[in-house]
Every structure is written in C-alpha cells, then in structure tokens.
Amino acid sequence: MAFELPELPYSHQALEPYIDAQTMEIHHGKHHAGYTNNLNGAIAGTDLEGKTIEEILANVSQHSGAVRNNGGGFYNHSLFWTVMGPNEGGIPEGELGDAITSTFGSFDDFKAEFSKAAATRFGSGWAWLIVDASGNLKVTSSPNQDNPMMDLAEVKGTPILGIDVWEHAYYLKYQNRRPDYVGAFFNVVNWAEVARRYAEAK
Ligand code: MN3
C-alpha cells in the first residue's frame, strides 16, 4: 500500500496572516505531494513496501538517499500541518506546560531556544521539540529532510513539535527574514496536538 498525501486539516488561508494561503497551497499541494510521490517511487518493488514510515525512518541509514529525503519529507510535513492551526498559539498548559517550564526554566526560555535553533539551522532543515529515550524534552534541529527519528540523527527522539525552515516554507511572505517567520509561527502552534504527542511519546 502506497503512502498517501494527508489532507490539510484546515483551509489554505486558515493560518493567515502568519502563514499566507499561497505558501500553504504550494507547500502542501506541490512540495509535500512531491515527497509523497517520490517516496512511493523509491520504495516501489522493494521490501520497504508495506512498512510504516516510522519503521522506514528507524533504519534509514540502510536505504537510498531518495528514501531518506522523501521519507523524511513525507513524515515531517505530515507532522507539521497537525501541530499548527487557526486560532491557536498561546502557552501550553497541563503536563506539557509543566515539563517545558521545568526543562527550560520558563515558556519564554523554551521559545528563545527553539527560535534560535530554527534561525541558526544553516541552509534548509527543521527545528524540533523532541522527547528523548529517557522521556526528557529537548530542542534540536536537523538538515534537509532529516529528523530525530532517523537512526543516523545526531540527536534522537520523538518529535512533538517541528518547524520547517526551508525557504519554500516562508519566502513568499517573509523573503530572507526567517526570524520573523519563526516568531509568527508561535501564533499558530496547536499546543493541544503537541500535548497529545507528548503524552504518547513519553
Ligand atoms: Mn517544506
């Protein structure tokens, strides 16, 4: 069974004015669709057909560059759409809010560390909030379409929040101002979904 492009859980314009409709349309309909199709092409006729994306990423060092890039692209964007939403933002509460405060000092300290990871990831990549093998929260980043679930990742864990810092994610609206895009992202973070992923991962 081939991987399928997940539908956006909201309309293209839902994240305006923070993320513009045209960027969402191209990002989901062209980029994410491309990773999905290319992943299917890369695994067609191999023993990776029928494996879950998590299983593929966990042993990605044994597979081709096409599987690594497109498998990562498929997974990362599937996560990305769900951790954003309209009328979101704010500050996480409950267990996740407490864990962020105890790990980073305060929500603002977490925000600063995550924003720095996103701003300083050279070239194309992602910044992440992950749960590591001991259940601890960590901020990290990865190049290209790599992610912390890959066996070859420098820092491993389960991503519960991620931001795409490829130029295709923000250039139409923010041009070279990546930090402005990262700042705007916090207005659309769906903390309920991040908290759900946290509870599942730890
Ligand atoms: Mn992207």
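Of the 202 residues in the protein chain, 48% are buried, and the model described here is a predicted one. The protein chain contains eight helices and three strands, which follow one another along the sequence in the pattern α-α-α-α-α-β-β-β-α-α-α. With a radius of gyration of 16 Å, close to the 17 Å that the globule rule gives for 202 residues, the protein chain is as compact as a globular protein of that length. A manganese ion is held by four protein donors, H27, H77, D164 and H168.

**Overall build**

- Taken along the principal axes, the box filled by the C-alpha atoms of the protein chain has dimensions of roughly 50 × 40 × 30 Å.
- Among the contacts in the protein chain with a separation of 6 or more, 69% are made by residues 24 or more positions apart.
- The protein chain exposes about 9,400 Å², and carbon and sulfur atoms supply 47% of that area.

**The manganese site**

- The manganese ion has its protein donors at 1.9 to 2.1 Å, and these are the NE2 atoms of H27, H77 and H168 together with an OD atom of D164.
- Along the chain, these donors of the manganese ion follow the spacing H-x49-H-x86-D-x3-H.
- H27 belongs to helix α1 (residues 21–43), whereas H168 sits in the loop between β3 (158–164) and α6 (171–174), so this pair ties together parts that are 141 residues apart in sequence.
- Both H27 and H168 are buried.

**Helix α1 and the segment before it**

- G29 is also placed in helix α1, and with a relative accessible area of 37% this residue is partly exposed, whereas H27 in that helix is buried.
- Although G29 and L5 are 24 residues apart along the chain, their C-alpha atoms are separated by 8.8 Å.
- P17 is found in the segment before α1, and the peptide bond that joins E16 and P17 is cis, with omega about 0°.

**N76 in helix α3**

- N76 lies in helix α3, which covers residues 65–82, and its relative accessibility of 0% makes it count as buried, because buried means under 20% relative accessible area.
- Leaving aside residues up to four places away in sequence, N76 touches W126, W128, Q145, D146 and N147.

**Loop residues with positive phi**

- N144 is not a glycine, yet its phi is positive, at about 55°.
- The place of N144 is the loop between β2 (137–143) and β3, where this residue counts as partly exposed at 39% relative accessibility.
- Q175, likewise a residue other than glycine, has a positive phi near 50°.
- Q175 lies in the loop between α6 and α7 (178–185), and at 29% relative accessibility Q175 counts as partly exposed.

Terms used
Residues numbered from 1 in each chain as written. Predicted model: local features only at pLDDT ≥ 70, side-chain atom pairs only at ≥ 80, totals over all residues. Heavy atoms only, no water. Helix = DSSP H or I, 4+ residues; strand = E, 2+ residues; numbered from the N terminus. Rg over C-alpha atoms; globule rule 2.2 N^0.38 Å. Buried < 20%, exposed > 50% of the residue type's maximum accessible area, 1.4 Å probe, protein only. Contact = heavy atoms within 4.5 Å. Areas by Shrake-Rupley, 256 points an atom, 1.4 Å probe, with all protein chains shown as cover. Donors = N, O, S within 2.8 Å, 3.2 Å for Na, K, Ca; no water.
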